[in-house]
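Please open the structure in a viewer and keep the selection tool at hand.

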Amino acid sequence: MKRQTLNRLLDLDRRWIFLFVLVAAIFARLVDFDLPSRPKRIVKDVYDQIELLHESGEVLLLSMDYDPAGKPELEPMSRAVLRHAFMRDVKVVGMTHNPHGQNLGQTVLEETAAEFGSKYGEDYVYLGYKAGFATLVINMGQDFYDAFPLDFKGVDLKSYPITKDIGSLSDFGYVFSVASTAAWEVWMVFGSEKYRFKYGVGATGVMAPDVYPFLQTGQIKGLLGGLVGAAEYETLIDRPDRAAVGMRPQSAIHVLLVLLVLFGNVIFFLERRARRSGRA
Amino acid sequence: MIFLKRQLPLMIAFVFGMIGIMIGYVPHQSMEDMYTELVGWDRLLAAFALLLGMYSLLRMHFKRIERRDSGFGYSIVLWTGFLITFLVGIYNEGDWIFAQRASHGMLNWIYDYIFKPAGATMFSVLAFFIASAAYRTFRARTGSAALLLVAALVVMVGQVPIGDMISPKLPELSTWLMEIPNAAVKRGIFLGVALGVVATSLRIIFGVERAYLGGE
């Protein structure tokens with residue numbers, strides 16, 4: 001191959017790459033093929049924690065700390081965990097640290113609860129958003145009612161059977177943060193470490209590697225990493241949904257990326273060899 | 001004025017910084033009470049910080065429109081978007097701000113049909129740019145770059161279900177890479193960052209670092 005052609009391939013117009021990605025995504029979305037999802041141990045850990053709540057009757061605190069940008073990747077996690085909780089009659093308290101995430105949390109809670117006939121106040125409560133971030137977590141640990149005297153509707157939390165006996169974060173059986181920001185870290189540093197509650201994380205694929213050191217130390221019990229984590233959880237609860245469907249385009253794009261990188265490297269070495277032989 | 005701009009903020013930083021350290025190391029009820037009190041203040045300040053951030057953003061864009069800087073059209077879009085959302089929020093479907101936020105209506109429409117799709121679009125565009133960047137920059141120029149490249153390719157395929165179809169060993173190798181080398185490196189980085197935070201905090205508390213005070 002001529003050096004000129006090799007150089008042209010190395011500097012391939014990015015619009016071609018955009019087109020390849022688009023075609024791969026559309027192809028994988030339109031063509032129906034099965035991709036078996038084998039749940040990882042860290043995903044099973046989240047599942048087991050929800051099962052334990054079913055046995056103990058303790059409440060799950062689900063913090064949906066993401067905004068619309070993180071919704072496509074993270075909402076399937078919230079949905080899958082909520083389905084599991086409602087399926088097993090686990091009571092849920094929902095909230096968010098993200099001011100843009102209030103509606104997202106409310107919608108996913110209401111939609112999932114409706115699937116199982118779960119009732120507001122009896123089976124779940126939504127706190128909404130409150131400013132403070134780390135200090136809000138500390139406040140919730142010190143005095144839950146002081147941090148959240150009312151739910152997002154403005155109703156006294158003491159009037160709900162689920163929340164009337166919750167005095168601190170340590171009264172929750174499991175806290176699970178689905179986060180597209182540093183919220184997962186805040187829950188651990190200012191929450192679970194001080195107030196000693198079991199804590200799990202759902203993070204974007206990009207953030208998931210940051211969580212691994214804390215899985216080994218036991219500070220975090222269970223991780224759902226990216227859409228794959230959500231798909232694996234859907235497999236565990238036997239309710240394949242958006243994440244499972246999303247695995248097709250995601251797998252196709254990952255394979256395309258690998259092929260592109262390999263192709264780029266082959267061209268790179270051919271060009272380097274051509275350059276060296278031209279110089280000799 | 002120099003007292004308000006320089007000395008007072010330094011004194012506040014020193015006093016509250018020292019209290020913060022003492023709370024962590026003095027096991028006494030008075031410290032716990034103070035902690036509770038400060039947490040309340042902090043949350044109040046955080047709420048005001050949101051307002052301050054909004055003011056700062058709007059002011060910056062107002063200046064850009066005033067000066068007709070390049071791209072000032074985007075600033076007009078920002079101001080228009082802000083005013084419409086703000087007014088619709090205040091109006092609250094006729095109940096105004098003293099009632100609970102309406103669960104349906106214009107504000108929810110803006111959120112559902114403008115904010116949500118725009119946010120999701122921004123995130124999904126990343127896939128295109130990452131593909132382009134990976135093709136251009138992911139080259140095995142050196143031995144260590146080749147090692148990184150191989151690890152990245154294994155994780156990329158091993159993390160998705162298709163990796164399991166290619167070989168069951170791929171997800172296992174990918175998990176090993178994430179749990180052992182990745183965790184080890186991340187732990188080192190976290191420790192370094194934590195020590196850096198301690199050093200920077202001490203510099204701020206003792207007034208060595210004053211950049212947060214801004215210019216004169």
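The model is a predicted one.

**Chain A as a whole**

Begin by selecting chain A, which contains 11 helices and 6 strands. Its C-alpha atoms occupy a box of roughly 80 × 40 × 30 Å along the principal axes. Of the 280 residues in chain A, 52% are buried. Among contacts in chain A between residues at least 6 apart in sequence, 73% link residues at least 24 apart.

**The sheet of chain A**

Next, select the strands of chain A. In what order do the 6 strands lie in the sheet? The order is β3-β2-β1-β4-β5-β6, in an open sheet with parallel pairing. Residues 124-129 (β3) and 223-225 (β6) of chain A mark the edges; each of these strands has a single partner, so one side of each is left without a neighbour in the sheet. On average, and with direction ignored, neighbouring strands of this sheet are turned by 15 degrees against each other.

Now select residues 199-203 of chain A, strand β5, together with β6(A): the two pair in the parallel sense over 3 bridges. Within this pair, Val201(A) is found opposite Leu223(A) of β6(A).

**Where chain A meets chain B**

Display both chains: 46 residues of chain A are in contact with 43 residues of chain B. On the chain A side, the elements that give two or more residues are α2 (14-30), α4 (71-87), α6 (134-142), α9 (208-216) and α11 (242-279). Which of them gives the most? That element is α11(A), with 13 residues. By class, this side of chain A has 25 nonpolar, 14 polar and 7 charged residues.

**Two helices of chain B**

Finally, select residues 29-67 (α2) and 72-91 (α3) of chain B. These helices pack at an angle of about 135 degrees, with their axes 8 Å apart, which makes α2(B) oblique to α3(B). The crossing of α2(B) past α3(B) is left-handed. Show the side chains of Leu58(B), His61(B), Arg64(B) and Ile65(B) in α2(B); they meet residues of α3(B) including Phe72(B), Trp79(B) and Phe82(B).

Definitions and conventions: Residues numbered from 1 in each chain as written. Chains lettered and ligands numbered in written order. Predicted model: local features only at pLDDT ≥ 70, side-chain atom pairs only at ≥ 80, totals over all residues. Pairing = 2+ DSSP bridges. Helix = DSSP H or I, 4+ residues; strand = E, 2+ residues; numbered from the N terminus. Axes fitted to C-alpha atoms, helices over the stretch in contact; angles between N-to-C directions. Buried ≥ 20, exposed ≤ 12 C-beta atoms within 10 Å, placed from the backbone. Contact = placed C-beta atoms within 7 Å. Nonpolar A, V, L, I, M, F, W, Y, C, P; charged D, E, K, R; others polar. Parallel < 35°, antiparallel > 145°, perpendicular 65-115°, else oblique. Left-handed = near helix turned anticlockwise from the far one by under 90°.
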